[in-house]
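Trainee: Hi, could you walk me through this one? I'm new to reading structures.
Mentor: Happy to, let's bring it up.

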Amino acid sequence: MQPTTARAETGAGPVGELLRLLRDGAAQQDYQAVLDRCSADELPWLGPLVDDAQQVRARLEEQSRREAELGALYETAGDLSSLRDLEAVLQAIVRRAHSLLGTDVAYLMLNDTERGDTYMRVTDGIRTDAFKQTRLTMGAGLGGLVAKTAVPYNTPDYFQDSRFEHTIDEVVRAEGLISIQGVPLKLGENVIGVLFAANRRVRPFSEHEVALLVSLANHAAIAIENATLFQDVRRAVDELTEANAVIQAHSESIERAAALHERLITIALDGGDLNDIARDLAEILGGSILVLDSHGRTLAAVGPDPVVAPARDEGGIPDHGQAARAVREACVLSTDSRRTRRVPAGEGGSASCATPIVAGGEVLGVLVLMRDRLDASDVRSLERAALVTALMLLSERAVAEAEHRLRGELLEDLLGSPHRDPEGLRRRAALMGVALGRPYSVLAARCRDSHHRRRTADAATPFAAHAGGLAGEYRGNVVVLLPGDQDPAAPARQLADHLAQAVDAPVTVGAATAAPGVDGIVEAYRDAARCLDVLLALDRDGEAASPSELGIYGLLFHQAGRDELDRFVRRTIGPVLDYDAQRGGDLAGTLLTYFACDACLTRTAANLYVHVNTLYQRIDRITLLLGPGWRHSDQALQVHLALKVHAVLSTA
């Protein structure tokens, strides 16, 4: 005993070896080797020392493991706190759980408050897509139980554990998981999800592993909240930045529209016209501008776009294929709805924006902007410009109405009572550019549709002004005075064509040449009006003629007075007219059709829509009234002429 005791005291025996093993962190079998080498005398006291050394070793290992875990947790907390993207935070949490616990897989499920369940959000080590797409109702499965109770759960053998409802066993079995532990992710008292660590073998989880996963889950919950808050703040900042940009752009747009409005108002106050408005608008907005009236006719056109080229189609809008159709579509839509309409650019074309020009509930026209790209500020500027354009159109209308009234009053006095104040009449005529002492061509125009009368007069005004003449209304006719002693037939036809295009309806024109002086104009107007009546009575709508072009009708109306013509009509076809008046018949109309059909009874019956026997009865009645000779030679000519004269006198 003494030698052994002496060796222990000097540290040269088993005790010193145990201390070295503890210092070096030796393995378990090294401690057992010390016992194997000791003698029988040393075993009673050395055995307890080896046991104590192994316990110390276990505690040192536990302490080292705890230090490593705490270090890892500290590092994890630092990493998570530095992340701002929610997706990156969730990925980092799962990877840390996988590495810290050394399990086969780790995954994280989040609660869906809207659907009332929990769903798979992030995985690490999971192989099957079905597992990655898992959703659990609250309380179902291990994860649903943790999410519902906010208490950690673990099981060494998932399929043999009866503490929870097995709802996704097939999914878990396909993934091969057996031992699973889950801990809640909590913010205060609220559970936002569950963090899992799992193995593909039976393996119980120790208390320190559960505690470690809980600690990680606590850090993770805070990191998730911070990332979520950061995302919310960043989203709010982005929204505020975007809103500020929108407000700034809107403010700039309003300022630009106000400056444009002020500039256009200045043009209007300085006496500018629609072309000036269109020119400035095209310059400011950088596109092409069309100003159309309510009938689609072009009032002003400025800009490089081919749609504003001079060539016009029948509607007043230039015909350039798809571009013109797009403009027309925008104009029609804006006029019908009284709202601004936009038409996207076609292939190789410009976008167009049409806004109605409205005043007092009346659509006066359409303002069109054509440009490669259009934005909301362009629309606002165009709508501001439409207001100024409406004021200008109203002003032009007021001036036109005043001029129309003055021209009408002048023509009324000139043609109706020329000798009441001849000197005053000459002064008023001179103010309108009419010298009564020179020869004139007098044209009388009328459209059968009375709704077009005002438009006809408006269209005649620029025609007369271009030739240095005067146009206005007098007793239902549009009267045009053109200076010069030329043959009035040519300007009459030009006027008929011009007015027909303007009102989209046939306009008939009678013409005569006036000798110098008021009386010459009055007499010429009577001849022109009689020509007009004759043309309409002969159903020659849309034509123009002077007395010399009316043949025998012109000669009759020029040489004979009305009373003499009335006597001729009564003497020739008076019995037929009386019969029609007393019986409500139309023998006069039957006769006109008969002569128009060259005395062919079959064609006459067809044109009258009566049976030929009915026509025979009418012919017999006419023969009884006029005598048997009315169908032959000179008497037939006189009957036909009397019918035409009667028609003219009836319309005069």
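Trainee: How many helices and strands does the protein have?
Mentor: There are 22 helices and 16 strands. Keep in mind that this is a predicted model.

Trainee: Okay! And how much of the protein is buried?
Mentor: Of its 652 residues, 44% are buried.

Trainee: Let's look at one helix. Is α7 enclosed or open?
Mentor: Helix α7, residues 141–149, is largely enclosed by the rest of the structure, because 7 of its 9 residues are buried.

Trainee: Which ones are buried in α7?
Mentor: They are G141, L142, G143, G144, L145, V146 and A147.

Trainee: And what covers the buried residues of α7?
Mentor: The cover includes several strands: β1 (105–112), β3 (135–137), β4 (153–155), β5 (179–187) and β6 (190–199).

Trainee: Switching topic: how many disulfides does the structure hold?
Mentor: The count is 0. Take C597: the nearest cysteine sulfur belongs to C600 and is 7.1 Å away, whereas a disulfide needs the two sulfur atoms within 2.5 Å.

Trainee: Is C597 buried or exposed?
Mentor: C597 is buried, because its relative accessibility is 2% and the cut-off for buried is under 20%. C353 is buried too, with a relative accessible area of 1%.

Trainee: Last topic, helix packing. At what angle do α20 and α21 pack?
Mentor: Helix α20 (residues 601–608) and helix α21 (residues 612–626) pack at about 105 degrees, and their axes are 9 Å apart. That angle makes α20 roughly perpendicular to α21, because angles of 65 to 115 degrees count that way.

Trainee: Which residues meet there?
Mentor: From α20 you have L601, T604, A605 and L608. On the α21 side, they meet V612, L615, Y616, R618 and I619.

Note on methods: Residues are numbered from 1 along each chain as its sequence is written. This is a predicted model: local features need pLDDT of at least 70, side-chain atom pairs count only at pLDDT 80 or more; totals for chains, interfaces and linings use all residues. Side-chain values use heavy atoms; hydrogens and water are left out. Axes are lines fitted to C-alpha atoms, for helices over the stretch in contact, and angles run from 0 to 180 degrees between N-to-C directions. Helices (H or I, at least four residues) and strands (E, at least two) are DSSP runs, numbered from the N terminus. Angles under 35 degrees count as roughly parallel, over 145 as roughly antiparallel, 65 to 115 as roughly perpendicular and the rest as oblique. Contact means heavy atoms within 4.5 Å. Buried means under 20% relative accessible area, exposed over 50%, partly exposed in between (1.4 Å probe, protein chains only).
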